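Thanks for coming, everyone. Please have the sequence and the 3D view ready, and follow along as I go.

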Amino acid sequence: MTIPEFQQCKRDKKRLTVVTAYDALFARIVEQAGIEAILVGDSLGVVVQGKANTLSVTMDDMLYHTRLVAGVAQRALVIGDMPFMSYQASHEDALRNAGRFLQAGAHAVKLEGGTVAADRVAAMTCVGIPVMGHLGMTPQSVNRYGGYKVQGKELDRAQALLSDAKALEAAGAFAIVLEAIPAELAKTITEQVTIPTIGIGAGPHCDGQVLVLYDLLGLFDDFVPKFVKPYAHLKADALQALRRYKEEVEQGKFPSDSESYH
Ligand code: KIV
């Protein structure tokens, strides 16, 4: 999947699927399922590193996981998520760090922010780095929002988010993630920009959807936002398997003869 092919899906009215992955094993499974794009999300700070938010994730963390995913992905678009303070301070930081993602094997980067980030997006696009925008409940601004709260419910905020989306499009972003905003606002934005919108907690009218893999698989249940649909219950399955293993070892049932060498 190339960037032009990804964008063509909007024109063809083919809904896009994006899922996060952080390692080779899951990246292979995600690819086998035919998912169009893999986001190496900074959500790894929460689901892999066990932190309360994404703010402590570093460029080194992100590059390590990007290499693992990009090393096995053969068909899916791989998008590296720029961590907090890797692009906010200066154009130079943003360009250098985005370039490191591409050198690690990503095809594109994602960053959070609208009109304020547009200049950065334009600078990166100019040097050939495809950028995905991210608007709405942007997790790197969690402290400013006072928690993970739906954004764009008031008319002025909704209008600002629509302007942000247009600014990102004008700056050359190839797609925009819309997170935790009213479905009606996501529909308006989707209709008013020509680039794909990828929703998470933004209703059914976006051009595609993204979910955090461990949420989708029912592996992470520390908190489950309303917009998450667990398509499997792998935490429950893992617990059951581990308890059975412990029980069988304690009872001398494992290993049996068939699991032993002679
Ligand atoms: O880091 C991440 O996983 C994300 C998605 C939730 C969009 O930014």
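Leu242, Tyr245, Val249 and Phe254 make a nonpolar surface patch of about 390 Å². A patch takes residues with over 30% relative accessible area and no salt bridge; nonpolar side chains (Val, Leu, Ile, Met, Phe, Trp, Tyr) are joined within 5 Å, and like charges within 9 Å. Accessible areas come from the Shrake-Rupley method with a 1.4 Å probe, and for residues only the protein chains shown count as cover.

Now the ground rules. This is a predicted model, where local features need pLDDT of at least 70, side-chain atom pairs count only at pLDDT 80 or more, and totals for chains, interfaces and linings use all residues. Residues are numbered from 1 along each chain as its sequence is written, and side-chain values use heavy atoms, with hydrogens and water left out.

Back to Tyr245. Tyr245 sits in helix H11, residues 234-250. Helices (H or I, at least four residues) and strands (E, at least two) are DSSP runs, numbered from the N terminus. Tyr245 has 48% relative accessibility, so it counts as partly exposed. The cut-offs: buried is under 20% relative accessible area, exposed is over 50%, and partly exposed is in between (1.4 Å probe, protein chains only).

Glu248 pairs with Arg244, with the closest N and O atoms 3.4 Å apart. A salt bridge needs a side-chain nitrogen of Lys or Arg within 4 Å of a carboxyl oxygen of Asp or Glu. Why can such pairs form? Side chains of opposite charge can pair when their charged atoms come close. Glu248 and Arg244 are four residues apart in helix H11, so about one helical turn separates them. Glu248 is partly exposed at 25%, while Arg244 is exposed at 52%.

How many salt bridges does the rule give? The count is nine. Another one joins Asp207 and Lys10, at 2.8 Å from N to O. Asp207 is in the loop between strand S7 (197-200) and strand S8 (208-211), and Lys10 is in helix H1 (residues 3-11), so this pair ties together parts 197 residues apart in sequence. Asp207 is buried at 13%. Lys10 is buried at 14%.

Next, Glu36 and Lys14 meet in a salt bridge at 2.7 Å, N to O. Glu36 is in the loop between helix H2 (24-32) and strand S2 (37-40), and Lys14 is in the loop between H1 and strand S1 (16-20), so the pair ties together parts 22 residues apart in sequence. Is each end buried or exposed? Glu36 is buried at 7%. Lys14 is partly exposed at 41%.

On to the ligand. Residues around the ligand include Thr20, Asp42, Ser43, Asp81, Lys110 and His134; the test is a heavy atom within 4 Å. Ser43 has a polar side-chain atom 2.5 Å from a ligand oxygen. For Asp42, an N or O atom in the side chain is 3.0 Å from an oxygen of the ligand. For Asp81, that distance is 3.1 Å. Taken alone, the ligand exposes 260 Å², and the protein buries 95% of that.

Last stop: cysteines. The structure holds zero disulfides, a disulfide being a pair of cysteine sulfur atoms within 2.5 Å. For Cys9, the nearest cysteine sulfur is that of Cys206, 15 Å away. That is too far for a bond. Cys9 is buried at 7%, and Cys206 is buried at 2%.

Key. A polar contact is a pair of N or O atoms within 3.5 Å; within protein, one must be able to donate a hydrogen and the other to accept it, and residues adjacent in sequence count only if both atoms are side-chain atoms.
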